[in-house]
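Please look over the sequence and the model first, and then follow the points below.

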Amino acid sequence: MSKKTKMRKHILCEKAPIVAMIAAAFLAMLILSIPGLLGLSDVVSNLASSVLAVLFLIAYTKWFAPEFKGVLKTSAFATGIIFVWLPFLFKLVGSYILDVVDCGFYFKPTMLALTMAIAAGFFEETIFRGVTVPIGMRYIRSEKRVSIIVLFTALVFGLLHVGNIINGASVAMGLIQGIATIFAGVLFVAVFLRTGNILIPILMHGVYDYMCFVTDASLDNGIMTAETVTTGLILAVLVDIIAGIWGLYLIRPAKRAEIFAIWNDKWGVSAAEYQPKH
């Protein structure tokens, strides 16, 4: 085999895939956070972070090449992609309607809101799913690896949003945002698993956040500043929970063979070559 096509040894991934997933996410977070440390304007910093996310995903693919085909292309095995959009549309429209019912009509589009939404999509999807899911789908040697990946990525995603309590959100609002983002994380990782393309959850995430930023007067830079837990807010969280459960349906056991085929193809691994351990 030529040097050009020689496979790299990824010992940490082989020996401790969960640790490797955490390390990849932490490295991505460090690099994508650089623009925010340079004293740039928020708009420029958000756009720079998004560009870095794309470059990081390309470098990540190169690091695992030639075995790995990357996360920026939909697998030829992915079918019924339209169905992965239905729970997202339910989440988007349902959340907006409840926000209007609860708080009235509000619409304040700004360049900052747009770049925040773009950055949220690229930054968070790259960190929480783009660099973690591929490692898990290749190196976790278990038939339950889909469940492990969903649980791990969604919980981390949600728990970090609870940290908004430190940034000014009340305890109640921080916990509510944490619950909502756990189930949002379930939906986004389900979409990624079913399509193999991180750009789809990036787009979903960005569109949803933009809708929230420009139509919810209680948000301050993405942080829930309201003090009162309203009926509308509780129903909005219920929408997120339903969307997350819908995401679980997308990756139900009947679809696992299709999901394994998508990711085995991405990693250039045949079913006969890689049989998960029970």
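Which residues in helix 4 and helix 9 meet one another? In this predicted model, Val84, Trp85, Phe88, Lys91, Leu92, Ser95, Tyr96 and Asp99 of helix 4 meet Ile200, Leu203, Met204, Val207, Tyr208, Met211 and Thr215 of helix 9. By class, this contact of helix 4 with helix 9 has 11 nonpolar, two polar and two charged residues.

**Helix 4 and its course**
- Helix 4 covers residues 82–103, which makes 22 residues, and from its first C-alpha to its last it reaches 32 Å, close to the 32 Å expected at 1.5 Å a residue.
- Gly104 follows helix 4, and the phi of Gly104 is positive, near 85°.

**How helix 4 lies against its neighbours**
- The axes of helix 4 and helix 9 come within 10 Å and cross at roughly 5°.
- Because angles under 35 degrees count as roughly parallel, helix 4 is roughly parallel to helix 9.
- The buried residues of helix 4 are Val84, Pro87, Phe88, Lys91, Leu92, Gly94, Ser95, Leu98 and Asp99, and what covers them includes helix 8 (171–195), helix 9 (199–215) and helix 10 (231–250).

**Ala48 in helix 3**
- Ala48 is found in helix 3, which runs over residues 42–64, and with a relative accessible area of 25% Ala48 is partly exposed.
- Ala48 and Pro35 are 13 residues apart along the chain, while their C-alpha atoms are separated by 6.2 Å.

How values were computed: Residues numbered from 1 in each chain as written. Predicted model: local features only at pLDDT ≥ 70, side-chain atom pairs only at ≥ 80, totals over all residues. Heavy atoms only, no water. Helix = DSSP H or I, 4+ residues; strand = E, 2+ residues; numbered from the N terminus. Expected span 1.5 Å × (residues − 1). Buried < 20%, exposed > 50% of the residue type's maximum accessible area, 1.4 Å probe, protein only. Contact = heavy atoms within 4.5 Å. Axes fitted to C-alpha atoms, helices over the stretch in contact; angles between N-to-C directions. Parallel < 35°, antiparallel > 145°, perpendicular 65-115°, else oblique. Nonpolar A, V, L, I, M, F, W, Y, C, P; charged D, E, K, R; others polar.
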